[in-house]
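The sequence and the structure come first.

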Amino acid sequence: MYVDLHCHSTASDGTFRPAQVIQLAHRCGVSALSLTDHDTVGGIAEAADAAAGLGIEFLPGIEISSEFPKPGTLHMLGYGIDPSSPALQALTARLVEARRERNPRIIHRLNELGIAVSMEDWLAEAAGGVPGRPHLAAVLVRKGYVSSVRQAFDRYLGEGRPAYVEKDRLSSREAIDLIRQAGGVAVLAHPVQLRRENFAQVETIVKQLMDEGLGGLEVLHSDHDELTVRELQRIAERFGLLKTGGSDFHGSNKPEIRLGVANGRVVPREWFEALRDAIKRP
């Protein structure tokens, strides 16, 4: 019995609809799942309905980008949130508007580089979902400007590349407060992406986030090797944090990642049960 507590759908930058993610989870033998789309809860209702029909336990989730010094990134996972929370609804509306303003600027920068793409191309690739950079990367592949999605990010769309435009981000405290206001538990996503020099520095950041209300640490992730998993588990246990994990599945946007598997490991069900119990406590 294993679970996946980190995956994405077409509501953000995945290529499977929310119900399709649930159907795939059922075929893979996943017993519980949380859909954690970036900065939106737009896929929660569809996923929850599909999960109920297939007997998969479901936790509403979200992944929020937070401010953090470069070259690292800090993402906060929110589990057990109420999608109808007014604070959450206000945030997601703000971020959708910010994305609507940001995306044409990315297209403009690509056009200045001599790349003939348009917002219409991008929206068509998203096929009714929220247009994310992976969809645009797929357009660049299809038009022959790059040979892979990864190359599109490395050459044009990734942070620091010529067509990159900074996105709107909350502070870590704002993200944690928002998750807690919505009734959820805040968990630091893929700590390896903080890009710190050693685990002592990661531990310092975790302690700072705990002062802001952090409740858990993502120990298992597709980017975490054996040493990282061991050290993150040690940190979580030292500070009494919940342990979580997931594949960070995005469908064909990250074809090397399989739903239900985090770098060759599966997330134990007892981690989900501890998280679920923590959410239920008043």
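Two strands pair if DSSP finds at least two bridges between them. Helices (H or I, at least four residues) and strands (E, at least two) are DSSP runs, numbered from the N terminus. The model is predicted: local features need pLDDT of at least 70, side-chain atom pairs count only at pLDDT 80 or more, and totals for chains, interfaces and linings use all residues. Residues are numbered from 1 along each chain as its sequence is written, and side-chain values use heavy atoms, with hydrogens and water left out.

Leucine 35 has proline 60 in S3 as its bridge partner. Strands S2 (residues 30-35) and S3 (residues 57-66) run parallel and are joined by four bridges. The open sheet has eight strands with mixed pairing, in the order S7-S6-S5-S4-S3-S2-S1-S8. Strand S7 (242-245) and strand S8 (267-268) are its edge strands, each pairing on one side only.

Helix H1 (residues 18-28) packs on the sheet and touches strand S1 (2-4), S2 and S3; contact means heavy atoms within 4.5 Å. The direction of H1 makes about 155 degrees with that of S2. Axes are lines fitted to C-alpha atoms, for helices over the stretch in contact, and angles run from 0 to 180 degrees between N-to-C directions.

The structure holds one aromatic pair. Phenylalanine 16 and phenylalanine 249 form this pair, which is edge-to-face, with 5.3 Å centre to centre and 80 degrees between the planes. Rings of Phe, Tyr and Trp (its six-membered ring) pair if their centres lie within 6.5 Å; planes under 30 degrees apart count as stacked, over 60 as edge-to-face and the rest as tilted.

| Residue | Relative accessibility | Class |
|---|---|---|
| Phenylalanine 16 | 27% | partly exposed |
| Phenylalanine 249 | 5% | buried |

Buried means under 20% relative accessible area, exposed over 50%, and partly exposed in between (1.4 Å probe, protein chains only).
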